[in-house]
Amino acid sequence: MINQLSWKVGGQQGEGIESTGEIFAIALNRLGYYLYGYRHFSSRIKGGHTNNKIRVSTTEVRSISDDLDVLVAFDQETIDLNYKELHSKGVILADAKFTPKKPEDTQAALYAVPFTEIATELGTSLMKNMVAIGATSAVLNLDIHVFEEVVQEIFGKKGAQVVAKNMDAIKAGYDYMKKQLVDGVEIMELEKADGKKRMFMIGNDAIALGAVAAGCRFMAAYPITPASEIMEYLIKKLPALGGTVIQTEDEIAACTMAIGANYAGVRTITASAGPGLSLKMEAIGLSGITETPLVVVDTQRGGPSTGLPTKQEQSDLMAMIYGTHGEIPKIVMAPSTVEEAFYDTTEAFNLAEEYQCPVIVLTDLQLSLGKQTVEPLSMDKVEIRRGKLVTNEIPDSENKAYFKRYEVTNDGVSPRVVPGMKNGIHHVTGVEHDETGKPSESAVNRNAQMDKRFRKIENIRFNTPVYKNVKHEEADVLLVGFNSTRGVIEEAMVRLENEGMKVNHAHIRLIHPFPTDEVLPLVRSAKKVVVVENNATGQLANIMKMNVGHAEKIIKHLKYDGNPFLPHEVYTKCKELF
Amino acid sequence: MATFKDFRNNVKPNWCPGCGDFSVQAAMQRAAANVGLEPENLAVISGIGCSGRISGYINSYGFHGIHGRSLPIAQGVKMANRDLTVIASGGDGDGFAIGMGHTIHAIRRNVDITYIVMDNQIYGLTKGQTSPRSATGFKTKSSPLGSIEQPISPMEMALTAGATFVAQSFSTDLKDLTALIEAGIKHKGFSLINVYSPCVTYNKVNTYDWFKENLTKLSDIEGYDPSNRENAMQTLMKHNGLVTGLIYQNTERKSYQELINNYSETPLAHADLNLDQEYFDKLVNEFM
């Protein structure tokens, strides 16, 4: 019996690779296993190698695994590109149709299973994916009835016969494979899971659901990988709440429309990836100087320009902190798990209204698209706080002057009224302005308004700016990361600790303003600080040096080839240090 | 009830004496009063340039945004609060150069707002460069030998983009302009009003006198029918776009708001932000 399994299915894009992974994963999730998926795909609709790697475990997992137990291959390319991940007792289940060849330098077993042939005999070659699921089940000694519910949900609309055929295909694959597994072949049977119901979702789902929970009722956005799922979810769910999504003509329109809607009082989100954020930057500056709340999601992918549009990277950090010309107060948060993506998004709307500034929710491709098991999300921890939004009527006064929308206050935050409110009329402009919004170039006013705006974020209240796993007062290594590297760092840490190394872990959730007070003591008490990030220049490491100093002990561990870190890569880096 | 004086504030415009924009401002204020608006129910969203300052000169909610982006901001405001009257405004550079993409898409989207372009065929605030509305051969600081590009024909462009309300006016025709803005506000959908608003400082060709000589009033064309799109296009082409009045109106097509699936009747801005627990549980269950 094993307590975790790594399974990968690969083939040509457009062949149903994703749905194969999906059906397999949903069924296992419902049995109570924890899953963590990673999709390798290309920026094209059909063709090109794609694969879906899914880790299944009886305990929580937040990272893909170093190695692989089962590889399901629909073409030779899948074998050639992925066999090296297989451990010596791994299994390749390949479609007999392409006469699979086993590479010489692997001890893994290869089984040519007639996926296509069996499916065709049963009615259509499209069901080859189902045959593969059946064959996998035989290797795992998994009761194929666990797939009934999912198959019913997916094919139910097409009629009972289609459902039955697909189940037949799973059974045929299972029966065929069972016969091949003669004595001596190791069955990879998973320990029984706890059977608890948990969610299975991608980070973008969590962000979109978080927006709904936070009272967001409008989105303006432009399609882009890997952010589009957010708008696709909201266009399905907002109408039931009276809201909607506009797919705008471009990213600039998306951002300025979101600013207009937020200005007029509805919680509005926009989401994109690097190229879109570059286009939104002028508007983000407008949000900053006009103190209009704004929530922008940046799902990082490989840059610059079009870069690696379907690959993992974390290289927008500096652009998000400093982007837009001139200087504005801004909040940049970086959830590291799907749960955090949900709760942080709800909080982003609160902070945007409380501090009346742009809030950027930063994710990366792996967090945005990697599907994983999530403990059921709850509304209990979701609050709605709207800051100094004026909701009571403003009494008439003799003085017909404009409302002081930009009143200089101690905390820098001014009362905010939205259009439609009587006696609240004021001007809003991206030109430097006085307390009523009237343009002003006076030096005294400039200082007063700049200082007021920056005062707002001097003491921002953010629930957990740093996720900490700190067991040691004095550590050999402090591992630092942000976004989706949390799982690999956690796993590397366990291995290092088992070998006697003292390791602390800090995952930065509030990137800007940087939580120096939280991070500095951890840096001080570590011999070495290894900052793990998917970019080429070590942006987080540089931000840390700027804010907490100790440049001499900060070591960059970088990866920018488009792939997420694997646990052993973090482990090895730390081992090399000592 | 508010009068046009209630739409005045104490801010002195920084436009040159004689600028056409003064009259456009006056017409907007009169039209707002004439249709029975209260200042707090009007939001004027403007772009960047001389004319972009207009949102600061009217006593209403006003948002002076970034160059070329008045339309998406204005549509966002309207989406958030469908009870507001939203007027977007700016110059020909704002709407037909940097913001042209938004103009075409706002037209075809047909959100119920009014867009007033103050068209002076020149860049004024940057001190005299060619605009997408400048005639071929027009000499400016950025086209010293004369523009070698074809000017945009905004009215024809609007018709092809699927506009439901297309009008043009001249800033000195205060009465006609006011009536057109009123009609634009009342129109259920996107209304585009291009106003020839001469720049007295930098455009020495398209002057007040030039317009008086060259403009034809559609009301002077016998039997002109603004519901006939084909005839509207022919008339524009025949007069090289130099006509004033209501060029085209389609009262049948529904506005964007009316077509949105299940869009809230009450403004979204007034919606209860708290999510019903049962609905949330349903959403959570969909992921299980």
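Predicted model: local features only at pLDDT ≥ 70, side-chain atom pairs only at ≥ 80, totals over all residues.

Residues are numbered from 1 along each chain as its sequence is written, and chains are lettered from A and ligands numbered from 1 in the order in which they are written.

**Chain A as a whole**

- Chain A holds 18 helices and 21 strands; helices (H or I, at least four residues) and strands (E, at least two) are DSSP runs, numbered from the N terminus.
- With a radius of gyration of 26 Å, close to the 25 Å that the globule rule gives for 578 residues, chain A is as compact as a globular protein of that length. The radius is taken over C-alpha atoms, and the rule is 2.2 Å times the number of residues to the power 0.38.
- The C-alpha trace of chain A spans about 90 × 60 × 40 Å along its principal axes.
- Of the 578 residues in chain A, 56% are buried, meaning that 20 or more other C-beta atoms, placed from the backbone, lie within 10 Å of the residue's own.

**Where chains A and B meet**

- In chain A, 57 residues are in contact with 47 residues of chain B; contact means that the C-beta atoms of two residues, placed from the backbone, lie within 7 Å.
- On the side of chain A that touches chain B, H9(A) gives the largest share, nine residues.
- Strand S15 (427–429) of chain A is another element that supplies at least two residues of this side.
- S15(A) pairs with strand S2 (residues 61–64) of chain B in the parallel sense over three bridges; strands pair if DSSP finds at least two bridges between them.
- A:Thr429 stands opposite B:His64 in S2(B).

**A helix of chain B**

- Helix H2 (residues 70–80) of chain B has 11 of its 11 residues buried, so it is largely enclosed by the rest of the structure.
- Among the buried residues of H2(B) are B:Leu71, B:Gln75 and B:Lys78.

**A sheet in chain A**

- Strands of a sheet pair through backbone hydrogen bonds, either parallel or antiparallel.
- Five strands of chain A form an open sheet in the order S16-S18-S17-S20-S21, with mixed pairing.
- Strand S16 (466–469) and strand S21 (554–558) of chain A are the edge strands, each pairing on one side only.
- Strand S20 (residues 526–533) of chain A runs parallel to S21(A), joined by five bridges, and A:Val530 stands opposite A:Ile555 in S21(A).

Key. Buried ≥ 20, exposed ≤ 12 C-beta atoms within 10 Å, placed from the backbone.
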